[in-house]
There are 4 protein chains.
Amino acid sequence: MIPRDRRQDEDVPSGLAHHIRTARMEAFSDGVFAIAITLLVLELGVPDGSADDLLGAVLAQWPSFLAYVVSFATIGAVWLSHTAITEHLDRVDATFVRLNLLLLLVVSFIPFPTRLLAEHIAEQNAERVATALYGLTLLLASVLIAVLWRHAVRAGLVRAESTDEEVDILTKRLTPGLVGYLVIIAIGLAFPLAAIFGYGVIAFFFLVPLPGGRSGR
Amino acid sequence: MIPRDRRQDEDVPSGLAHHIRTARMEAFSDGVFAIAITLLVLELGVPDGSADDLLGAVLAQWPSFLAYVVSFATIGAVWLSHTAITEHLDRVDATFVRLNLLLLLVVSFIPFPTRLLAEHIAEQNAERVATALYGLTLLLASVLIAVLWRHAVRAGLVRAESTDEEVDILTKRLTPGLVGYLVIIAIGLAFPLAAIFGYGVIAFFFLVPLPGGRSGR
Amino acid sequence: MIPRDRRQDEDVPSGLAHHIRTARMEAFSDGVFAIAITLLVLELGVPDGSADDLLGAVLAQWPSFLAYVVSFATIGAVWLSHTAITEHLDRVDATFVRLNLLLLLVVSFIPFPTRLLAEHIAEQNAERVATALYGLTLLLASVLIAVLWRHAVRAGLVRAESTDEEVDILTKRLTPGLVGYLVIIAIGLAFPLAAIFGYGVIAFFFLVPLPGGRSGR
Amino acid sequence: MIPRDRRQDEDVPSGLAHHIRTARMEAFSDGVFAIAITLLVLELGVPDGSADDLLGAVLAQWPSFLAYVVSFATIGAVWLSHTAITEHLDRVDATFVRLNLLLLLVVSFIPFPTRLLAEHIAEQNAERVATALYGLTLLLASVLIAVLWRHAVRAGLVRAESTDEEVDILTKRLTPGLVGYLVIIAIGLAFPLAAIFGYGVIAFFFLVPLPGGRSGR
C-alpha cells in the first residue's frame, strides 16, 4: 500500500525520510471515509412491534432515510474533494497531515448528528437543535477541506504540473459551500425540514462534475 | 495506495491531473464493500434468555443465517463484478465516479433490509414486505453495476487491450440478474421464503466462474 | 491500490485481462480481516448498574476479555497465514478468489460466536454449546486456509521463485490446526473453559514465527 | 495494494519470499487504525427522552465528547508514530509483525475504555476506575509503539538511508509518553477529570510536528 512515489524519489531523494508519505495518508483517509459512510446504515431501523404494518413503519422512517442519503452524499462529496486535492499534491508536510486528521475527526463524527436528526425529526424543538448541529458539522467539514487546500497551495505542496487555472478552479470550487451552509443553518431554525433538503442540495452541488474541470476532456 | 498508473502516465502524461485516478476510487470502493460485508454479522444474535436451550435458540435463527449468507454472497458477487469492470478500465471519468458512489450507497444500504428480513421472517405480512424490499435493494445494486459497465464502454474508458469479445462477455454476464430479481420479487409476494433462496441462487450464479471468461486459462 | 503486478505484466502480457488481479483481492481481504478483528471490541461491555463497583464488574467480565483476545489472536493468525500464502503466489485464478470469499465469510462470522461465548460462559449448558460453535467456526477458518493453499499449489499459482522446501514448510504449517481444533472441541464438551484456553494455544502456535521459515534469515 | 517494494527487490532479490512484506502489514494496520478511530462515534449518544431539551442533553454529554476527542487524538498520534517508524524501515521481520499485531490489539481495544469513561464520568468511584483503565490502555499503546521502534533499530530493519540523527530523534520522541502517562494515571486517582485533560495533552504533544524532525524542511 505504500509504494514510494516514484516522482518524489527522483525529485527529492535525500528528503525522503523527512516528509510524511502522501500514499499512507491517503490510505488511512480512505479507510476513515469508507467506514464513516458505511456506519450510517447502523442508524436505520424500525421501532419494535412494526410487524403489523412493516411497509407503513418503513415509510414512516423517511426522515431517517433522507438524513442517511444526505449524509452519504456529503461524505461522498468531501471524499471527492479530498481526492481532487491530493491529486494536485506533490508531497504533504506535517501541518497538512494534522489538518487532515482534524478533517477526519469531523467526518467520522457525522454519523452522530445524523442519528440525532433521524431520531428527533418529528419533535418540534429538538428538530431545530438537531438540524443546526447537523449543519454545523457539515459546515465544519466544508471549512476544513477548504483550509486543507489553501494550506497546500500556500505551503507549495502542489505539483509543478498543475496549472494556475486548475488551482484557481479548485479553490473556487471549495469555497461556496461555506456561505451555503450558513444560510441553510439560519433557514433551519425556522424550517428544519427545509434545511435538510438544503444540505442535500449542497452535497449534490459538490457531486455534480465540473464542466472542463476535474472531469477530464 | 495511490501509485500513479504507469500505463496511463505513458499514454496521457499531460492529462494526469485532469481525470480522477482509478486507483483511489478502487481503494475507497474496496473499503465500503469490505465494511458492508463485515457489518452484516452485527445483525446476528439470539434473544435474551436463550441460555436454557442455546443450541435450539441458535438453530431457530436459521432465517437470519440464511439472510446473512445470501447478503454476503450478493455483496461478494457485486464486488467481483466491480473488479471485473475496473480490470478492463484504462481510466475513469467524472460520471463513472458518481455512478460508483451511487452503487456504494446501495451496497452499504444492504445490511438494513437484511436485518428487516431476519427480524420479520416468521411474521406473515411483514415477511412479504421485507422480502420485496430486500429484493428491490439487490435489484438496484444489480442495475447500477450494469449501468456502470455500460457507461464505461460507451464513454470509451475501456483499455485498448480488451478485446470486443471480452467486453461482450462481461456485458452479457451483467445483464440476466435484472430479469432474475424481478421474477423472484414477484414470486416472493406469494412465497417469501422461496424468494430468499432465489436471491441466493442469483448471487451464486454470479459467483460461479465463467468458462473461458474471467477465469483465465 | 491496484498497481499492476510488474512481474506478471512481463510474464503474461496477453493474459492480463484474463485473470483477476491478486492485488485487489488482497486489498479487499485485508479490509475484511481488519474490520472483523476490530468489531470484536463492540462485544465488550459491563452490565448496567455496575457503577458501585466498576473494577469488580470489569474483572467479572474476564471471560469476555479472554474470548476477545483468543478471537483477535485467531483472526491475526489467519491473516498472517493469508499473507504467507499470497506472498508465494504468482497470480490467482477464479477458484482461488471464490475460496477466498468463503474464507472471508467465516472470518467475518467470528464476532458472532465470540459474543455467544462471552455471554454464556457462566451458564452450564449454554457454555458447552457456545464453546463448540466457537471451535467449529475456528476449525472451519483453519480448514479453508489450508484448502486455499493446497488449491494454489495444485493449480500452479505459486511463483517460480518459491522453492519446493518453502512450499512444503507452509503446507505442513497449515495442517496441524485441524487436528488440534477437533481435539479441543471434544475436550470442550466436558470442560468448556479449558477449550477456550486451548483455542488460544492454537492461535498462539500459529503466531509464533517459524525457525528458518517465513521469519527470514 | 501489495506492490513489491522496488528497493527491496533490488537489494535482496533472493530473500523476497523469506520475509513478510512491509506493504501488506501497513495496509492491514491502516485498516485497524481507521476502523478503531471511526468506531469511537458509536459510543456517542443522548439518553432516551432528551427531546424536550435536546441542546441541554447534548451539552450534558460533554465528557463523552471530551473522551471521544482524546481517544481520536491518541489513535491519530499512534498512527502518526507508526507511519514515522515504517517510513524508516527497509523490511520487517517476523517479530516485528507479531509486535505490530499486539499494538493493534491494544489500539482496537481503545473504544472500550473510552465508552467506560464516558458512561461513568459523573460517578465518583467508577470515574476513578474508568480513568485509570483508560490511562493504562493508552500507556500500553505508547509502550508498544516504543518497543516496536526499538526492536526495528536493534534488529537492523532500518533503511541505510536513515541517518543516526533521525533514528535518535525518533527514539527520543517515542519515549517521554511513558512517564507522562504514569504521572497522569496517578493524578487521575485523585482528580479523574484532570487526568482526561492530561491524556489529551499527551496526545496533542505527539501530534505537534517536530521542529526539524519528521516535519521536513
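Q: Is V179(A) buried or exposed in this model?
A: V179(A) counts as exposed, because its relative accessibility is 55% and the cut-off for exposed is over 50%. Please note that this is a predicted model.

Q: Which helix holds V179(A)?
A: V179(A) belongs to helix α9 of chain A, which covers residues 176-190.

Q: Which residues make the nonpolar surface patch there?
A: The patch is made by V179(A), V183(A), I187(A) and F191(A), and its area is about 380 Å².

Q: Moving on to salt bridges: how many does the structure hold?
A: Over all chains, the structure holds 15 salt bridges.

Q: What does R24(A) form a salt bridge with?
A: The partner of R24(A) is E26(D), and the closest N and O atoms of the two are 4.0 Å apart. This pair joins two chains, because R24(A) lies in helix α2 (residues 22-39) of chain A and E26(D) in helix α2 (residues 22-39) of chain D.

Q: Are those two buried or exposed?
A: R24(A) is buried, with a relative accessible area of 2%. E26(D) counts as buried as well, at 2% relative accessibility. The cut-off for buried is under 20%.

Q: Which residues are linked with R24(A) in a network?
A: A network of salt bridges links R24(A), E26(D) and D30(D).

Q: And D30(C), what does its side chain meet?
A: The side chain of D30(C) meets that of R24(D) in a salt bridge, at 2.9 Å from N to O. The pair joins two chains, since D30(C) lies in helix α2 (residues 22-39) of chain C and R24(D) in helix α2 of chain D. Both D30(C) and R24(D) are buried.

Q: What about E161(B), which residue is its partner in a salt bridge?
A: E161(B) forms a salt bridge with R159(B), with the closest N and O atoms 3.8 Å apart. E161(B) counts as partly exposed at 47% relative accessibility, whereas R159(B) is buried with a relative accessible area of 6%.

Q: How many residues of helix α6 in chain A are buried?
A: Eight of the nine residues of helix α6 (residues 111-119) of chain A are buried, and the helix is mostly covered. The buried residues of α6(A) include P111(A), F112(A), R115(A) and L117(A).

Q: How far apart are G198(D) and D30(D), in sequence and in space?
A: In sequence, G198(D) and D30(D) are 168 residues apart, and in space they are 26 Å apart from C-alpha to C-alpha.

Notes:
Residues numbered from 1 in each chain as written. Chains lettered and ligands numbered in written order. Predicted model: local features only at pLDDT ≥ 70, side-chain atom pairs only at ≥ 80, totals over all residues. Heavy atoms only, no water. Patch = residues over 30% accessible without salt bridge, like charges linked within 9 Å, V, L, I, M, F, W, Y side chains within 5 Å. Areas by Shrake-Rupley, 256 points an atom, 1.4 Å probe, with all protein chains shown as cover. Helix = DSSP H or I, 4+ residues; strand = E, 2+ residues; numbered from the N terminus. Buried < 20%, exposed > 50% of the residue type's maximum accessible area, 1.4 Å probe, protein only.
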